[in-house]
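Please keep the display open while reading.

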Amino acid sequence: MKVVVDLTRCQGYAQCVFAAPDVFTIRGDEALLYDSDPDERQRERVERAAAACPVQAIVLERQDGRRGQRHSPQPAIGDFEEAFMRNGHVVIVGASLAGVRAALVMRRQGFTGPLTVIGDEPHLPYDRPPLSKQVLIGQARALGTELPRRDEFDVTWRLGVPAAGLDLIGKQVELADGQKVGFDRLLIATGLRARPWPNEAEAALDGVCTVRTPEDAAALRRLLTAKPDRVLVIGAGFTGSEVASACRDLDVPVTVVDRGPVPLAGALGALIGRVAARMQREHGVDLRCGVQVEALEGDGSGRLRRARLSDGSVLDVDVAVAALGSIRNVEWLEGSGLAAGAWGVTCDAGCRAMDVNGVVADDVFVAGDIARFPHPVYNYQYLALEHWGNAIAQAEVAAHNMISAGSRRWPHLRLPEFWSTQFDTEIKSVGVPTYADQVVIAQGSVAGRRFVAAYGYQGRITAAVAFNQSRWLEFYAELIDRAAPFPPSFPTVDPPSDGHPVAAEVPDRPTPTGQATVVVTGHKPSERRARLVSRPYL
Amino acid sequence: MAGNGVWRQILDYSHRADPYPLFAQLRETPVLRLEDGSYVVSTYREIVALLHDPRLSSDVRNLPDVAATVGSTSDDAPPGLPPNFIRTDPPEHDRMRRLLTWNFGPPHRPGRIDGMLPELLEIVTGLIDDFAGMGTTRVDLVDRFAYPFPVTVICRLLDVPREDEPRFHALSGAVIEANNPATAGIAERQRRREKAMADLGQYFATLLDARRDRPAGDDLLSGLLRGDGAEEPMTREQVLSNAALLLVAGHETTVNLIANGILTLLRHPEVLDRLRRGNEPDLAARVVEELLRYEPPVQILSTPRNAVADIEIAGTIIPKGSPVILALAAGSRDPAVVPDPDRFDPDREHNEHLGFGGGIHYCFGAPLARPEARIALTELAYRLENPRLVDDPPPYRASPSLRGPRHLLVDIDGVEPARPPSEHPIAHLRRLP
């Protein structure tokens, strides 16, 4: 049976582990890992786990199909909308988390026209987070992370053939095999792919890999179970750090090389990065920062043997994982007239794509990792997020807007959220930690690896990151929504030993002067609205 | 009616059988200031926000009027115990809770509760077997079922002699009474509770002394004394304090969940029938979750948390130092969040009830209470022949916060024999060796 846990919601209560201890496990205080495809004999236990989840984060494939959220179809405005709801043809490019979510939401909101989902991979939509975690340690199968299908919804799948072009005038998607698929409205959700090791010959060596697809994860799992003498992880971002964590779990020696000063610095800044560095070293990772890999070398049979680093050292390794970030899948949109580039596809806060002139293109929507959208809370700067939670939330808004007219459309105002499970620690973030000039430990103990850090920009709170303290984060999310002052000036339980703000040490980003301060209210996507305010402390 | 009047009525015993219309009135003032300066919060989103608000402390020593009485106990008072874990804040709270969890659940003992399921079924089977043999008969399902079942379980978990029940039941009753906001002011109730807890601690001290020469068992108490190896174990006084809490919580709450459950099922025979038919494997779990929303055993967190800073919520400022009371049962029926909240509907999607609270103080015993209630209700539904409620509403226990029937008289035509293990749903849930 298929299981997926929305770890953006999960707060580590562990009720699922009590109910189904062979399927769900807690590492450390609250880091949840689980089997995405447990044996059918576990069904009753897993159903109980799902019922017991205090935040209702566990989604299962239903056998009986008797449940599923039902919404009464919204009353259509005007003849066109009504006809579109009934007979319009929607095409979704990207058989992804965002793509399948959008399809589900459209059906639940009463859209009955034909719905086609195009995907370049041969798989039905699957869940990626387990591929760099549970799959590598053997708790889940690489090909077992297919997303549960809660509702039977009528979709035409076109899988295994990538989209190759988009004709906005003729309103059709061209596939790589030459076929054309017409649409009335289009959702672009083609996401990302892993950035490969840049030297093609070296990347082709046996033992050099990336982690993005189930095939990647299966290959890396095979390499890890063969007990390699040493694994080299190139890049200490989240994926690289999770791979290193899996190696240590399996007692495989691992060296992590990153050209930055500390792990996770690009996402969380150097202060928290230093905490991550200590954590890695305590778990036996050979962490080398401020160093680059200059060459990967193989033997006569094409097997990886060693790596040469920029500090002159040479490492004997038989596996190298390139965790160098990602490339957006936009090539198929070249020449389409949409504003698509290395940054993704630009859209408005309602997920409507923009053309190269910056004008909203009618009938084309964008969601998920490929979308680049303005966020009012962050001074209307365009964000491009590679987060599971954003893919879901943005797809819901895009889907709603694809079948709604004018003022009934929703803005995508969810605060960005993400998590990483590594070294028995749950790292969770809300807001945009790189949108900061200062950071402060707000609660807890850094030494004990149980703390919340708050990030601030020009006197207001913009993000919070928790290590094993995720139950406090929704409080900080509320502060971000309210544009509350930074640093937080109120007393809390579990005060930190040093509560002084320090420089955020995040990567530079161009920041215009004259900040827009916005307050966001509302819980559901249908309720969330922004309001511009001026604050005396700015 | 003004908010304070509604609150007084909720506490008044005459409204115990159905406080929900009053909770609806209470929600009209989401954050209500009481005459004694404490605040009652009754709407779902505000309760959830406060459960996750680090400006709210659970350590009563932070309350100004309680702090004033600490250390002023007279000479004849029993030696006080340190606060148990639910009356502390992090990091002390988190450390004690980790130590308690070490022998109870994940990460160290993830299968402990799952492994107890056959034993839970055996206890339930025995209790129901005892109703049999007389054809049509009248049974008090509180005295003969809902109470003895969880007491037996908690006694086994703590390795407390079952025959001591009359003794610790009286002590526990004093703790529950001290929790009842209708009985006295906050500081006075705190004093009474500490006295009762100290007496229970004394009971455990005697128990541990008597066990000293035995090899340590797998019970939670022995585990607490041993510690978990990774951290400093609790002091003996902390073990006594937390043991007292576990005993009280383990046998004063699940009894109400089970009794409220039987009552609710008898009032909703269509759900009882579905449970009896037994062809929906996840139904019992969903019934229990819906009970926790619809008729929760803990209605009000009446031992106040307290604001360590001014807290602005729902347009009201709760000033620093104020006690804060969370009306969980009112929140779980808040129509702003829960569709059709006054309907008992086990098929409800997305049941994010407040029955076990939330945040870092989420009910420690929840993973045990769930299978206890599930097995108890499943077996009663299957085995009782033609059960009929004698009094509706039944007489209630005094407390408005830990609310449930004092007695639940049910007429039955007989008792079906227990299903043989090979046919029982629990049987194929036994963990494979």
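This is a predicted model: local features need pLDDT of at least 70, side-chain atom pairs count only at pLDDT 80 or more; totals for chains, interfaces and linings use all residues.

Helix 4 covers residues 97-108 of chain A, and because its 12 residues should span 16 Å at 1.5 Å a residue, the 16 Å between its end C-alpha atoms agrees with expectation.

With a relative accessible area of 14%, A:Trp388 is buried, and, leaving aside residues up to four places away in sequence, A:Trp388 touches A:Val4, A:Val5, A:Asp6, A:Thr8, A:Leu97, A:Asp127, A:Pro129 and A:Trp419. A:Trp388 and A:Thr225, by contrast, are 163 residues apart in sequence and lie 28 Å apart in space, C-alpha to C-alpha.

Helix 10 of chain A (residues 270-282) has 13 residues, and the distance of 18 Å from its first C-alpha to its last is close to the 18 Å expected at 1.5 Å a residue. Its buried residues include A:Ala270, A:Ile272, A:Val275, A:Met279 and A:Gln280, and just after helix 10 of chain A comes A:Gly284, with a positive phi of about 90°.

What holds for charged side chains in this model? Side chains of opposite charge can pair when their charged atoms come close. Over all chains, the structure holds 63 salt bridges. In one of them, the side chains of A:Arg212 and A:Asp369 meet at 3.7 Å, N to O. Since A:Arg212 lies in the loop between strand 13 (208-209) and helix 7 (214-225) of chain A, and A:Asp369 in the loop between strand 25 (360-366) and strand 26 (371-375) of chain A, the pair ties together parts that are 157 residues apart in sequence. A:Arg212 counts as buried at 18% relative accessibility, and A:Asp369 likewise counts as buried at 15%. Elsewhere in chain A, a network of salt bridges links A:Glu81, A:Lys171, A:Arg185 and A:Asp363.

B:Arg212 forms a salt bridge with B:Asp209, with 2.8 Å between the closest N and O atoms; B:Arg212 counts as exposed at 60% relative accessibility, whereas B:Asp209, at 39%, counts as partly exposed. In another pair, the side chains of B:Arg276 and B:Asp273 meet at 3.3 Å, N to O, and both residues lie in helix 14 (residues 269-277) of chain B, 3 residues apart, which is about one turn of the helix. B:Arg276 is partly exposed at 28% relative accessibility, and B:Asp273 is partly exposed at 35%.

Chain B also contains an open sheet of 5 strands in the order 1-2-8-5-3, with mixed pairing. Strand 1 (31-33) and strand 3 (56-57) of chain B stand at its edges, each with a single partner strand, so one side of each is left without a neighbour in the sheet. Strand 1 of chain B runs antiparallel to strand 2 (residues 39-41) of chain B and is joined to it by 3 bridges, with B:Leu32 standing opposite B:Val40 of strand 2. Helix 3 (residues 44-51) of chain B lies across strand 2, strand 3, strand 5 (301-307) and strand 8 (323-326) of chain B, and runs at about 125° to strand 8.

Returning to chain A as a whole, one finds 12 helices and 35 strands. The radius of gyration of chain A is 23 Å, close to the 24 Å that the globule rule gives for 538 residues, so chain A is as compact as a globular protein of that length. Along the principal axes, its C-alpha atoms fill a box of roughly 70 × 65 × 50 Å. Buried residues make up 62% of the 538 residues in chain A, and, of the contacts in chain A with a separation of 6 or more, 65% are between residues 24 or more positions apart.

Key: Residues are numbered from 1 along each chain as its sequence is written. Chains are lettered from A and ligands numbered from 1 in the order in which they are written. Side-chain values use heavy atoms; hydrogens and water are left out. Helices (H or I, at least four residues) and strands (E, at least two) are DSSP runs, numbered from the N terminus. The expected span of a helix is 1.5 Å times one less than its number of residues. A salt bridge is a side-chain nitrogen of Lys or Arg within 4 Å of a carboxyl oxygen of Asp or Glu. Buried means under 20% relative accessible area, exposed over 50%, partly exposed in between (1.4 Å probe, protein chains only). Two strands pair if DSSP finds at least two bridges between them. Contact means heavy atoms within 4.5 Å. Axes are lines fitted to C-alpha atoms, for helices over the stretch in contact, and angles run from 0 to 180 degrees between N-to-C directions. The radius of gyration is taken over C-alpha atoms; the globule rule is 2.2 Å times the number of residues to the power 0.38.
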